[in-house]
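Subject: Handover of a structure and the findings from it

Dear colleague,

Please find below the structure that I am handing over to you. My notes on what was found in it follow directly after.

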Amino acid sequence: MQYRLVRTDRRTLAITIDGGGECVVRAPMRMPQREIEAFVAEKAAWILAKQREMQLKSSKAQHLQPILKDGAEWNIAGRMVVLRFVSGVPKNYARFTESALECSCEISEKALIKFLKQFAKDYFIWRVSEFAATAHAKPHEVKVSEAQARWGSCSAQNVLNFSWRLIFAPPALIDYVVVHELCHIGCMNHSPAFWQRVAAIMPDYAIRRKQLKECGYMLKWFR
């Protein structure tokens, strides 16, 4: 089992798998090498499982990027649309039809993202309005962000921020993020009381939360 050993002033052993799938072992300065190797051997199955998980996520991120070509199928907020490039329209033209996302043949990626961000913001505002009363929460504002490490956040000023890329997730998972952040208003932690608030609105939140983790690669789209 290959691993990178990092000795620090810590008191216990710890194993992490970094974004590239490398196994990193952190150990106390004076811990004998044999104890470290015994610990790694004991955790070998877990290490291999996590490395396979990282490889799968990396593969998804590489192969499931939205394809910018005519006829490509995108799933946006649970709605399957076909990307269509059309001529004879303004350069940065983009709009949704019943079954397609129409764009100018000359549209830039920046302009397309701008369009998707506005669509995402309108969608998130709608979903927040659907759950705010039930959550007994009054957000000050709803914004979209470029976040690539988390789906949403709630500020001390009760401003809800959502990564615009969340729009590519299934509606049930979008709603989970919305409810999660609404429940942070007045409860800025992840205490048992917080999760009770979430469960009161969304009893199956744990299932949705787990499913959302499998969509994490979408946070890297359009980097």
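Leaving aside residues up to four places away in sequence, Ile-47 touches Met-1, Ile-15, Ile-17, Cys-23 and Val-40, where contact means heavy atoms within 4.5 Å. Ile-47 belongs to helix α2 (residues 44–63); helices (H or I, at least four residues) and strands (E, at least two) are DSSP runs, numbered from the N terminus. With a relative accessibility of 0%, Ile-47 counts as buried, a term that stands for under 20% relative accessible area, whereas exposed is over 50% and partly exposed lies in between (1.4 Å probe, protein chains only).

Please note that this is a predicted model, in which local features need pLDDT of at least 70 and side-chain atom pairs count only at pLDDT 80 or more, while totals for chains, interfaces and linings use all residues. Residues are numbered from 1 along each chain as its sequence is written, and side-chain values use heavy atoms, with hydrogens and water left out.

The next finding concerns a pair of helices. Helix α4 (residues 171–183) packs against helix α5 (residues 192–201) at an angle of about 135 degrees, and their axes are 9 Å apart. Axes here are lines fitted to C-alpha atoms, for helices over the stretch in contact, and angles run from 0 to 180 degrees between N-to-C directions. The angle makes α4 oblique to α5, since angles under 35 degrees count as roughly parallel, over 145 as roughly antiparallel, 65 to 115 as roughly perpendicular and the rest as oblique. On the side of α4, the contact is made by Tyr-176, Val-179, His-180, Leu-182 and Cys-183, and on the side of α5 by Phe-194, Trp-195, Arg-197, Val-198 and Ile-201.

Within α5, the residues Phe-194, Trp-195, Val-198 and Ile-201 are buried. Viewed down the axis of α5, its buried residues fall within an arc of 120 degrees, so they line one face of the helix; the arc is that of the directions from the helix axis to the C-beta atoms. Their cover includes α3 (109–135), α4 and α6 (205–213). Pro-192, Gln-196 and Ala-200 are exposed residues on the face of α5 turned away from its buried side.

Finally, two loop residues deserve mention. His-136, in the loop between α3 and β8 (141–145), has a positive phi of about 55 degrees although it is not a glycine. Asn-158, in the loop between β9 (152–154) and β10 (159–163), has a positive phi near 65 degrees, and is likewise a residue other than glycine.

Yours sincerely
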